[in-house]
Amino acid sequence: MATRGRTPGPNLRRISGFRGQRAGWDAAETVRSMTGVSIEEMIGCGMGQSTLQELRQKDRAYHIHPFTNHVEMHRGGTHWIKSGDGCHLIDEQDRRLLDGLAGLWCVNVGYNCAAIVEAVHAQMEELPYYPSFFNSTTEPPVLLAEWLANHAPARLNKVIYSNSGSEANETALKIIRAYWKLRGKSHKRKVLSREFAYHGVTLAATSLTGLPNCTEPFDLPLENFIHVPAPYAWAARTALSPAAFGADVIARTAEIIDREGPETIAAMFVEPIQGAGGVIIPPPGYLAALRGLCRERDILFVADEVITAFGRLGVWFASEREQLDPDILNVAKGLTSGYLPLGATLVSDEIVEVIHSGGYFAHGYTYTGHPVCTAAALANLRVIESLGLVDRVRDDVGPYFQSKLAGLASHPAVGEVRGDGLIGAAELVPRGGRDALRPGMMLGLKAADNIREEGSIVRGIRDLIALAPPLIITHGEIDELFDSARRGLDRLWN
Ligand SMILES: Cc1ncc(COP(=O)(O)O)c(C=O)c1O
């Protein structure tokens, strides 16, 4: 079965219509005269020429997938996604799947946002790349920095870009080290984060991550990365009230800080809601107390809002709603709705002042402030603003999604549900109840497979499923998502 026709699809035809006319240069003609192939063939790079079976063979032969068990994947066969349409994806068998995870918690405006495509196209024509190194820059990163500074919590008025959430965290870590060094406190080197945290995959970001399946294969964390307890009531099997449990976690965190010595601790990294670790919703009072603890002990507070920023919780930034007043705030994912890779580290005025006083700032990636990626982000943010998606999540689809999630709690395979805005999770239990849960059961992964067969994509994590659909989702699509979740759980149960 061919995954695509042999003629270029509409997008490819439109792109191949590009001419560098302003420079008096015909790209198509140049390619044809130099190589003897048409620009359509060159852009296609063979795409649309392979059967699904051939693609599977090539995938097996050449492609290492991220976060994948390759033996299992090749046994079952890779699932091919061909195209996207709003909240839906079209797969190899032309099945329409509702994407209940927005790609990887990121495609907030859905899959066919013409405004982003047009902005990218226009910027590609205008100037596809120029760095912001040394004393140069281009227009989109500056305008995006202005937008971010105007919308972010009060003290965060400067922005440095990267290509991902991991790199945003990595950048924050380097800024923090430089900051304390410039302040004559190089002994502040330890960094705190929480169990079940997910902060990315570079060596340092993995070290921040509090998930053994991410750290153990690489003998991480590195020295000086310390994990404190997460406010994960379900996993703790606590009998305490949510507020008392939160206070208990804070007390245990304070003990660790005092044991390590606050004067040796540089910063604490905190996801306002721990996403990939299992959608852990902090109990009332916990985040404020954690912030207070860091302030008291002179520990910088870094909000990792890679998932929570840009509307998923019905606010632009969770830090604003929770009054976290972070010293640094990291974003990625929803910044471009995943259309192009981009991360950003928003830094407080005080830290920037110290860093600037150090003179030459020797950090940055080739693609820091990439004009096309930042143009995509600007278009994405304007779309979110003009469609009023943030308020829509807060007042309309968020509450509706949460009511449907609460309804899922009545399913016998569900032990607990929890969520906020357009993010949620259901902890699953086997027949026999929670006490019959055994390590390795991986009910979440099995349920996610079933739910995909029933027409929707959710994320399976250990024994839970996580949901975070695009912000453009409608009530009807939320019904569709939970109907397939319920059918998938029925199959797990029966
Ligand atoms: C909170 C958080 N931080 C950082 C990251 C890493 O981002 P990336 O995969 O873009 O490196 C993720 C990715 O899921 C995340 O959820």
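These legends describe several close-up views of one predicted model. Residues are numbered from 1 along each chain as its sequence is written, and side-chain values use heavy atoms, with hydrogens and water left out. Because the model is predicted, local features need pLDDT of at least 70 and side-chain atom pairs count only at pLDDT 80 or more, while totals for chains, interfaces and linings use all residues.

**View 1. The domains of the protein.** The protein is divided into domain 1 (19-51), domain 2 (81-99 + 389-493) and domain 3 (116-386). These bounds come from an automatic or database domain assignment. How far apart are the C-alpha centres of domain 1 and domain 3? They lie 41 Å apart.

**View 2. Helix H8 and its cover.** Helices (H or I, at least four residues) and strands (E, at least two) are DSSP runs, numbered from the N terminus. Helix H8 has 13 residues, 139-151. The expected span of a helix is 1.5 Å times one less than its number of residues. Which residues of H8 are buried? They are Pro140, Pro141, Leu144, Ala145, Trp147, Leu148 and Ala149. Buried means under 20% relative accessible area, exposed over 50%, and partly exposed in between (1.4 Å probe, protein chains only). The cover over these buried residues includes helix H7 (114-126), strand S4 (156-162), strand S10 (343-348) and helix H17 (371-386).

**View 3. Helices H13 and H14.** The axes of H13 (residues 242-260) and H14 (residues 286-296) come within 9 Å and cross at roughly 20 degrees. That makes H13 roughly parallel to H14. Axes are lines fitted to C-alpha atoms, for helices over the stretch in contact, and angles run from 0 to 180 degrees between N-to-C directions. Angles under 35 degrees count as roughly parallel, over 145 as roughly antiparallel, 65 to 115 as roughly perpendicular and the rest as oblique. From H13, the residues Gly246, Val249, Ile250, Thr253, Ala254 and Ile257 meet Tyr286, Ala289, Leu290 and Leu293 of H14. An α-helix has 3.6 residues a turn, so residues three or four places apart point the same way.

View 4. Thr215 sits in helix H11 (residues 212-215). Is Thr215 buried or exposed? Thr215 is buried, at a relative accessible area of 7%. Not counting residues up to four places away in sequence, Thr215 touches Thr206, Thr209, Leu220 and Pro221. Contact means heavy atoms within 4.5 Å. Pro221 belongs to the loop between H11 and strand S6 (225-228). The peptide bond from Leu220 to Pro221 is cis, with omega near 10 degrees.

**View 5. Two loop residues with positive phi.** Asp325 is in the loop between helix H15 (318-321) and strand S9 (328-331). Its phi is near 45 degrees, a positive value in a residue other than glycine. Asp325 is partly exposed, at 29% relative accessibility. Arg462 is in the loop between strand S14 (459-461) and strand S15 (464-467). The phi of Arg462 is near 45 degrees. Arg462 is partly exposed, with a relative accessible area of 28%.

**View 6. Gly421 in its loop.** Gly421 lies between strand S11 (414-420) and strand S12 (423-428), in the loop. Gly421 is buried, with a relative accessible area of 10%. Leaving aside neighbours within four places in sequence, Gly421 is in contact with Arg312, Leu313, Val393, Gly398, Phe401 and Gln402. Gly421 and Val390 are 31 residues apart in sequence and 9.8 Å apart in space, C-alpha to C-alpha.
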